[in-house]
Amino acid sequence: MNARNLKLLITIFCIVLLSGCETATVQAWQRGKLSRTDMAWQADPMTSAYRDHVYTSKEGASGGIGTGGGGCGCY
């Protein structure tokens with residue numbers, strides 16, 4: 001077996017090995033404790049959105065999140 005055939009065999013093996021992973025689906029009831037809302041990275045995404053809005057409104061600098069504006073909250 002030469003190097004070209006070995007490389008082809010390894011490539012085919014990797015493709016077959018990785019193609020089995022794409023068909024597995026996990027249902028919500030299978031996740032158990034990780035599917036609870038208190039286990040989420042952000043339990044309430046509105047809290048961080050409001051915090052980011054207040055920060056950009058008061059900071060008045062461009063870059064980061066959103067656009068620059070005055071301290072009054074207007075853009």
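Where is I10 found? I10 sits in helix α1, residues 3-19, with helices taken as DSSP runs (H or I, at least four residues) numbered from the N terminus, and strands as runs of E, at least two.

A quick word on the source, everyone. This is a predicted model, in which local features need pLDDT of at least 70, side-chain atom pairs count only at pLDDT 80 or more, and totals for chains, interfaces and linings use all residues. Numbering starts from 1 along each chain as its sequence is written, and side-chain values use heavy atoms, leaving out hydrogens and water.

Overall, the chain has two helices and zero strands. Of its 75 residues, 4% count as buried, meaning under 20% relative accessible area, while exposed is over 50% and partly exposed lies in between (1.4 Å probe, protein chains only).

Back to α1, then. Its 17 residues reach 24 Å from first C-alpha to last, close to the 24 Å expected at 1.5 Å a residue, where the expected span is 1.5 Å times one less than the number of residues. As for I10, its relative accessible area is 46%, so I10 is partly exposed.
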